[in-house]
Amino acid sequence: MDPSRLKDNKSITGHYSSVDDEDLEDVLDDSEVEELFQQQLPAGVGEGDHRIFIVHPDVKWGSKKQHLTTAELQMAEAVGLVNTLQNWTVVDKIILSTKTPEKKRIFGKGNFQTLTERIRKTPGITAVFVNVERLSALSERELQEAWGVKVFDRYTVVLHIFRCNARTKEAKLQISLAEIPLLRSRLKNEIAHLDQQGGGSRYIMGSGETLMEVQQRLLKERELKIRSALERLRKKRHLLRSQRKLKDFPIVSVMGYTNCGKTTLIKALTGDAGLEPKDQLFATLDVTVHAGRLPSHMTVLYVDTIGFLSQLPHQLIDSFSATLEDVAHSDLLVHVRDVSHPETVNQKVNVLNVLKSLQIPERLMNSIIEVHNKIDLIQEYECPDSDAVPVSALRELGLDELKLRVQETIMKSTGKQTLSLKVQLDSPQLGWLYKEATVQEVDDVGDDCTATVKVIISTAAYGRYRKLFPDT
Ligand SMILES: Nc1nc2c(ncn2[C@@H]2O[C@H](COP(=O)(O)OP(=O)(O)OP(=O)(O)O)[C@@H](O)[C@H]2O)c(=O)[nH]1
Ligand SMILES: [Mg+2]
């Protein structure tokens, strides 16, 4: 079947997984989603332009040189996050050593004083980005009071990037869910603050509830609403998935660190012009599916997924796990790596760890195809791993080799085989094979009205074929 025709077939390629918004009209209406997606964070992240001062608290470990490189790379990643956002600029940055990040105070007294002076002296900054996964609500407030500007952590910044990139209902709901823990800790903090002034724990007149209890109840209700909406989407997705299974197209999930080139690769493999790769972190937030053809003419569906990030707050991953759940149902995983990136090895470890935490079946983990992308940026790239496939998605190099590897692995994992069958041309056999298997070649049309047909066929389909046409 021609893959370009497939693209129009919603039940197959449509976003079977993240689910296309059109498919969801009957499940969720726009106003419900928009209500849940309204900006809830009082942190001021989303308000206008930001001129950012980045502080990376660095925990000492390993040799001096080793740890310094890591800290610098982590700082570079933080700068990358800020630059992803339109209207955000980095004004200044500093790496400061710290003892343990778990301590109540992040910085020692001396360091903190130096930092405070420097921040106060830097003109025009609107916020400080402290590059830790999560600041406690208490430290956030203390730092904000000391520095007189907004203070963001990694969770807040990443969430904000997600929020800016969210397009579909499902992505929006997942983001709203990821905000709940933040809202909950902020609430605690606000109430503690009010309590100091003698307000938060008082009963609201006549209700029998304190202000804290009312707010907590509202938050719980919001969380339940989001979860129930997501559950409705999940059911719909399962339905679409079972429809796809009937068609029996193998699924190839393309995973990898953010910005490694997943979308570009799928675009190159499928020629799907609708895909938009971007030099941006988390450009893809929705799982979408695209049909492509292998050398044997077999059609496979490539699934484009959300990228990973080191120290991506795990609560954020939890919120997106429903989408990633589909990855576990693939026939094959392709792990794309940006080998031109200085942190490529750490990125690989990170991706594999996330995959482990998603409980991907053993057979899938063992058959991952590792793709080394962006080799055009390295002079005469020598692939250190003979099992990996070097490519340049952008320059379309190495793609034939990759397609062959995908084909070979898919044939193994799906139990498909290539067979040459003698077919009676005046019987419905050929039509049946076109429908239920992949016909590669029709040869040797003889005088006796027979032909040799080369097909890729699953064991189950071949069983049915033998039953239907026992005499051949
Ligand atoms: N030089 C070079 N650049 C590439 C290659 N592949 C992708 N890129 C660039 O890398 C950037 C990111 O590409 P995407 O395909 O959007 O990456 P992604 O992995 O889908 O990123 P997210 O969806 O944000 O996780 C874009 O600017 C691409 O043009 C390649 O082979 N060579
Ligand atoms: Mg992408």
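This is a predicted model: local features need pLDDT of at least 70, side-chain atom pairs count only at pLDDT 80 or more; totals for chains, interfaces and linings use all residues.
Trainee: Over how many bridges do S11 and strand S13 pair, and in which sense?

Mentor: Residues are numbered from 1 along each chain as its sequence is written, while chains are lettered from A and ligands numbered from 1 in the order in which they are written. Strands (E, at least two residues) and helices (H or I, at least four) are DSSP runs, numbered from the N terminus. Two strands pair if DSSP finds at least two bridges between them. Here S11 and strand S13 (residues 450–458) pair in the antiparallel sense over 9 bridges. One example: Ser-420 has Lys-454 in S13 as its bridge partner.

Trainee: Which strands stand at the edges of that sheet?

Mentor: The open sheet has the order S11-S13-S12. Strand S11 (416–424) and strand S12 (438–443) each have a single partner strand, so one side of each lacks a neighbour in the sheet.

Trainee: What is the order of the 6 strands in the other open sheet?

Mentor: The order is S6-S7-S5-S8-S9-S10, with mixed pairing. Strand S6 (288–293) and strand S10 (389–390) are its edge strands. Within it, S5 (residues 251–256) and S7 (residues 299–304) run parallel, joined by 4 bridges.

Trainee: Is Thr-263 buried or exposed?

Mentor: Count the other C-beta atoms, placed from the backbone, within 10 Å of the residue's own: 20 or more is buried, 12 or fewer exposed, in between partly exposed. Thr-263 is buried, because 24 lie within 10 Å. Thr-263 is found in helix H9.
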